[in-house]
Amino acid sequence: MVITDLSQTPQINKSVKLTEIAACTNGRSECIMLLATGSFSGGDIKLQVSQDDINYYPLTDENGVQILLKADIPLYLKFANLYLKCDLTGISSQDLKVTVQ
């Protein structure tokens, strides 16, 4: 599932509810994989989470360090009843695509 695609017109950067992805895999998988492809500058992609799809907060690890998505390096997250989206502040790209599987 593509959640961000800057090569499209209009550009796509949407949120996704992680439990809906679990339903797509019949609830068997315990984690999702995020992958950013394409070239981009301005730093790594910051991930944000929300319980209500309105108020978003940085996604952090157990030590409070923000989790970042880097180009072409898969990131695995456990399922949760949360919405997830990419914060593209400062990111420049013509072909960035972020997929969730």
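Trainee: Which residues does Leu47 touch?

Mentor: Leaving out residues up to four places away in sequence, Leu47 touches Leu34, Tyr57, Pro58, Leu59, Gln66, Ile67, Leu69, Leu75, Leu84, Lys85 and Cys86. Contact here means heavy atoms within 4.5 Å. Keep in mind that this is a predicted model: local features need pLDDT of at least 70, side-chain atom pairs count only at pLDDT 80 or more, and totals for chains, interfaces and linings use all residues. Residues are numbered from 1 along each chain as its sequence is written, and side-chain values use heavy atoms, with hydrogens and water left out.

Trainee: Which residues touch the most other members of the largest nonpolar core?

Mentor: Leu34, Ile45, Leu47, Leu69, Leu84, Leu96 and Val98, out of 23 residues. A nonpolar core is a set of buried Ala, Val, Leu, Ile, Met, Phe, Trp, Tyr and Cys residues joined through side-chain atoms within 4.5 Å. Buried means under 20% relative accessible area, exposed over 50%, partly exposed in between (1.4 Å probe, protein chains only).

Trainee: Which elements give two or more residues to this core?

Mentor: Strands E4 (31–37), E5 (45–50), E8 (75–78), E9 (83–87) and E10 (97–100). Strands are DSSP runs of at least two residues, numbered from the N terminus. In soluble globular proteins, nonpolar side chains tend to be buried together.

Trainee: Now Ser50. Buried or exposed?

Mentor: Buried, with a relative accessible area of 2%. Ser50 sits in strand E5. Beyond four places in sequence, Ser50 touches Asn55, Tyr56, Leu82 and Tyr83.

Trainee: What does the side chain of Ser50 make a polar contact with?

Mentor: The side chain of Asp52, at 2.8 Å. A polar contact is a pair of N or O atoms within 3.5 Å; within protein, one must be able to donate a hydrogen and the other to accept it, and residues adjacent in sequence count only if both atoms are side-chain atoms. A polar atom of the Ser50 side chain also lies 2.8 Å from the backbone nitrogen of Asp53.

Trainee: And what is the phi of Asp53?

Mentor: About 65°, positive although Asp53 is not a glycine. Asp53 is in the loop between E5 and strand E6 (57–58). Asp53 counts as partly exposed because its relative accessibility is 34%.

Trainee: Where is Asp72 found?

Mentor: In the loop between strand E7 (68–69) and E8. Asp72 has a positive phi near 60°, and is not a glycine. At 52% relative accessibility, Asp72 counts as exposed.

Trainee: Last one. Is the peptide bond from Thr9 to Pro10 cis or trans?

Mentor: Cis, with omega near 0°. Pro10 lies in the loop between strand E1 (2–5) and strand E2 (12–13).

Notes
Helix = DSSP H or I, 4+ residues; strand = E, 2+ residues; numbered from the N terminus.
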